[in-house]
Amino acid sequence: MYSTDNFNLKGKKGLIIGIANTESIAYGCAKAFKALGADLAITHLNDKAKPYVEPIAGELAADIILPCNVQKPGELEAVFDTIKQQWGQLDFVLHSIAFAPSVDLHEPLINSSPDGFLMAMDVSCHSFIRMSRLAAPLMTDGGSLFAMSYYGAEKVVENYDLMGPVKSALESSVRYLASELGQQGIRVYCISPGPVKTRASSGLKSFDKLMSDTVSRTPTQRLATIADIGKATALMATPAAKMITGETIFIDGGHHIMG
Ligand SMILES: NC(=O)c1ccc[n+]([C@@H]2O[C@H](COP(=O)([O-])OP(=O)(O)OC[C@H]3O[C@@H](n4cnc5c(N)ncnc54)[C@H](O)[C@@H]3O)[C@@H](O)[C@H]2O)c1
């Protein structure tokens, strides 16, 4: 009952969406899932991203590597079809993607365009709902679904603007999905890491200042690395976390508790 089987992912199968390079949060998570014993399927955005992601898939001995732009009709479905054919079932999914057109991202929220807002919502939030719908029938032995959020979902963070309401919608979606899928033994989580320098975050205005302001108000006096984020996320996919669901889990050295 209290065996170490509760704390590993041996023989578990997981899909990782969101690796762009070795700085991606999804890469830190994939390394940790692998270290706990999981087999992985990995996607890349398009042909341009493929040469960066392929060596990573090799390093992680991924069973499956496929293209997946969540806005391209049929690509997400093709990923789940391949998983069904090759693995027959699935244990966890990591959604670690976000996008907003830079014109909308660099303006106050009040100036956001309907198209920019909808695109950000589609890629960063609704695609997680679509993934959950495709994953659930394959999670025949229960499972876990992860999405990446940020503190700017619940508090106003300077320059986060458009992504604030998008991440709020993602966190709310996680709660509703957790309620809908709980009976199937499927848990749903938002992971909320502190700021990390990545390709996506480099698109935010004054990101270096956000990092230094954050660290000065963080109890651990340092920011979480992608390895820190990965290890804590992978732990949530183990049987040890079976009775936790619907939560936004902060992996931020305690920054969010500060008044
Ligand atoms: N870096 C941070 O400070 C930070 C903090 C909290 C949360 N997050 C969140 O973490 C997640 C991962 O971002 P990251 O910081 O690792 O950056 P990243 O640039 O390494 O990863 C973003 C990923 O999104 C993918 N993506 C964008 N549009 C897509 C589409 N249409 N279809 C499929 N994939 C698409 C990119 O290909 C890339 O792999 C995002 O949800 C981000 O909002 C980041």
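View 1. Beyond its neighbours within four places in sequence, Cys 29 is in contact with Ile 16, Leu 94, Ser 96, Ile 229, Gly 230, Thr 233 and Ala 234; two residues are in contact if their C-beta atoms, placed from the backbone, lie within 7 Å. The model is predicted: local features need pLDDT of at least 70, side-chain atom pairs count only at pLDDT 80 or more, and totals for chains, interfaces and linings use all residues. Residues are numbered from 1 along each chain as its sequence is written. Cys 29 is one of four residues, with Ile 16, Ala 30 and Ile 42, that touch the most other members of the largest nonpolar core, which has 67 residues. A nonpolar core is a set of buried Ala, Val, Leu, Ile, Met, Phe, Trp, Tyr and Cys residues joined through C-beta atoms within 7 Å. A residue is buried if 20 or more other C-beta atoms lie within 10 Å of its own, exposed if 12 or fewer, and partly exposed in between, again with C-beta atoms placed from the backbone.

**View 2. The whole protein chain.** The protein chain has 8 helices and 7 strands. Its radius of gyration is 17 Å, close to the 18 Å that the globule rule gives for 259 residues, so the chain is as compact as a globular protein of that length. The radius is taken over C-alpha atoms, and the rule is 2.2 Å times the number of residues to the power 0.38. Helices (H or I, at least four residues) and strands (E, at least two) are DSSP runs, numbered from the N terminus. Along the principal axes, the C-alpha trace spans about 45 × 40 × 35 Å. Of the 259 residues, 43% are buried. Among contacts with a separation of 6 or more, 72% are between residues 24 or more positions apart.

**View 3. Helix α8 and its cover.** Helix α8 (residues 226–237) has 12 residues and reaches 17 Å from its first C-alpha to its last, close to the 16 Å expected at 1.5 Å a residue. The expected span is 1.5 Å times one less than the number of residues. Buried in α8 are Ile 226, Asp 228, Ile 229, Gly 230, Thr 233, Ala 234, Met 236 and Ala 237. Their cover includes the helix α1 (25–35) and the strands β4 (92–95), β5, β6 (186–193) and β7 (248–251).

View 4. Ala 32 belongs to helix α1 and is buried, with 22 C-beta neighbours inside 10 Å. Outside four places in sequence, Ala 32 is in contact with Gly 230, Lys 231, Thr 233 and Ala 234. The C-alpha atoms of Ala 32 and Asp 228 are 9.2 Å apart, although 196 residues separate them along the chain.

**View 5. Val 53 in helix α2.** Val 53 lies in α2 and is buried, with 22 other C-beta atoms within 10 Å. Apart from neighbours within four places in sequence, Val 53 is in contact with Ile 19, Ile 42 and His 44. Its C-alpha atom is separated by 6.3 Å from that of Ala 20, 33 residues away along the chain.

**View 6. Two positive phi angles in one loop.** Asn 159 lies in the loop between β5 (143–148) and α6 (163–181), and Asp 161 also lies in the loop between β5 and α6. Neither is a glycine, yet phi is positive, at about 75 degrees for Asn 159 and about 35 degrees for Asp 161. Asn 159 is partly exposed, with 15 C-beta neighbours inside 10 Å, whereas Asp 161 is buried, with 23.

**View 7. The loop residue Ala 241.** Ala 241 is in the loop between α8 and β7 and is partly exposed, with 18 other C-beta atoms within 10 Å. Not counting residues up to four places away in sequence, Ala 241 touches Leu 235 and Met 236. The C-alpha atoms of Ala 241 and Tyr 2, 239 residues apart along the chain, are separated by 13 Å.
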